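The following note sets out points for a colleague who is examining the model shown here. Please read the points alongside the coordinates.

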Number of protein chains: 2
Amino acid sequence: MRNIKLLIEYDGTDFYGWQKQKSGRTVCGTIEEAIKKLVNEEVELIGCSRTDSGVHAKGFVASFKTNSKIPSEKFREAINQKLPDDVVILESEEVLEDFHPRYQAKGKTYCYTIINRRAPKAIGRNYSCVVKEKLNVEKMQEACKLFVGTHDFKAFKSTGSSVKTTVRTIWDIKIEKNYDEIKIYVSGDGFLYNMVRIIVGTLLQVGEGKIKPEYINDIINEGDRNKAGKCMPAMGLSLEKVFY
Amino acid sequence: MRNIKLLIEYDGTDFYGWQKQKSGRTVCGTIEEAIKKLVNEEVELIGCSRTDSGVHAKGFVASFKTNSKIPSEKFREAINQKLPDDVVILESEEVLEDFHPRYQAKGKTYCYTIINRRAPKAIGRNYSCVVKEKLNVEKMQEACKLFVGTHDFKAFKSTGSSVKTTVRTIWDIKIEKNYDEIKIYVSGDGFLYNMVRIIVGTLLQVGEGKIKPEYINDIINEGDRNKAGKCMPAMGLSLEKVFY
């Protein structure tokens, strides 16, 4: 069978996340239905990760196997014609049969968007989180560096997922500020449940002056979830890119 | 009576524009209702302009007269508490009684956002318009210069509005490109009905190579609506700033 890889963008606002569930509209379920209509056979769409309800993606990767003879680059437009407007296939290509979007992912970049101002936000309110307290971005940038490297990130993991190890490697955390918009890009080889949203919550404590940048080392070393910041809302998070 | 000036942001997606109508949800009507609940008196909210259904605003200006004793800067938060999440008061201040948001406006800046790529857009799809044909931004920038100045813009006006004169002054048109996002900022002393959206439609003809930049002069001189480009969809347009 042919193995087709898809690059996908979606607005997570009206989805119950990526992963199919017994009930509720999911990204995986929605795309699978569109593909089935197109190829007239059962397909199983495999994703690079699970994103939570409300989380967005600009570069999600998934793949499915098919006997269809549709040219690989034509899948993009053909599937898009059967999709609702909050999910879009950006690229489609045929890959080796053993390609697996999750097992072969070497890492990912997530982006968390904060609007730092007093007033709530109307435009783009589903794609960012408003933080009212004035943030010291320089201090946040100092703190970013302390996350980089291979560490046990168990302080930055929500309960409700079982993993063999809580050691992960963060390659880079980068902050871009443009007027009142602050984008935090987190790249690494893998992420624990809610890890990015808790890292951002902790960086905000630094930005608000509640903790010093150096304290990040202590939180990592102590491994106590209660020492880290809160888990930020899903709407601010987007999966930007998956590396293979 | 006190005269309170408001700076307003709204997501125009689910509004039938600014101006109150017999039926349909409007920005003006929505904010007026919120203010009435707050001050317990009849108020009339006067806006700086009418925006069409689906058009957004980051810096709309409106004012209302009231006998309320609420401190002027407190109106912002008090009104926000009574507003739905697609409209936000950014600032409130007391101004001279003769301040009029429309008559005293010296000019405005609008922004039109284009996404230049093959695939449709899921994230932020209500705030931009996708153009599939590869655009030559340099040529568009050349064309921008020819709009600047005082001209009769009757070729760039939709029917359905009566005005004394179709002469307007464009101060500046600026294009910012960031990956596949192209933002066109148009500033001037006043705008005819759909003028910005038709200017953008005409710039796109230049960007797609259908007309040469110099042809802008001919369109302006001939004053023929059929020579100008199409009126671009409302969703890409945002009122950025009003000058007084």
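1. A:Tyr110 lies in strand β5 of chain A; helices (H or I, at least four residues) and strands (E, at least two) are DSSP runs, numbered from the N terminus. The model is a predicted one, in which local features need pLDDT of at least 70 and side-chain atom pairs count only at pLDDT 80 or more, while totals for chains, interfaces and linings use all residues. Residues are numbered from 1 along each chain as its sequence is written, chains are lettered from A and ligands numbered from 1 in the order in which they are written, and side-chain values use heavy atoms, with hydrogens and water left out.

2. The UniProt annotation "binding site", from an unreviewed entry, covers A:Tyr110; UniProt positions are given in the numbering used here, feature names are shortened, and annotations may be inferred rather than shown by experiment. A:Tyr110 counts as buried because its relative accessibility is 9%; buried means under 20% relative accessible area, exposed over 50%, and partly exposed in between (1.4 Å probe, protein chains only). Neighbours within four places in sequence aside, the contacts of A:Tyr110 include A:Ser49, A:Tyr185, A:Phe191 and A:Leu239, where contact means heavy atoms within 4.5 Å.

3. Strand β3 (residues 56-66) of chain A and strand β10 (residues 237-243) of chain A pair in the parallel sense over 2 bridges; two strands pair if DSSP finds at least two bridges between them.

4. With strand β1 (residues 2-10) of chain A, β3(A) pairs in the antiparallel sense over 8 bridges, and A:Phe60 is the bridge partner of A:Ile8. Strand β2 (residues 46-47) of chain A is likewise antiparallel to β3(A), over 2 bridges, with A:Ser63 as the partner of A:Ile46. Strand β3(A) is mostly covered, 9 of its 11 residues being buried.

5. UniProt, in an unreviewed entry, lists residues 8-103 and 143-244 of chain A for "domain: Pseudouridine synthase I TruA alpha/beta". Residues 8-103 of chain A are 20% helix and 26% strand, with end C-alpha atoms 18 Å apart. For residues 143-244 of chain A the values are 25% helix and 30% strand, and the end C-alpha atoms are 28 Å apart.

6. Over all chains, the structure holds 30 salt bridges, a salt bridge being a side-chain nitrogen of Lys or Arg within 4 Å of a carboxyl oxygen of Asp or Glu. One of them joins B:Arg125 and A:Asp11 at 2.9 Å, N to O. This pair crosses between chains, from the loop between β5 (107-116) and β6 (129-131) of chain B to the loop between β1 and α1 (27-39) of chain A. Both B:Arg125 and A:Asp11 are buried.

7. Between A:Arg125 and B:Asp11 there is a further salt bridge, with the closest N and O atoms 2.9 Å apart. Here the crossing runs from the loop between β5 and β6 of chain A to the loop between β1 and α1 of chain B. A:Arg125 and B:Asp11 are both buried.

8. Within chain A, the side chains of A:Asp86 and A:Arg25 form a salt bridge at 2.8 Å, N to O. The two residues lie 61 residues apart and link distant parts of the chain, A:Asp86 in the loop between α2 (75-80) and β4 (87-95) and A:Arg25 in the loop between β1 and α1. A:Asp86 counts as buried because its relative accessibility is 4%, whereas A:Arg25, at 31%, counts as partly exposed.
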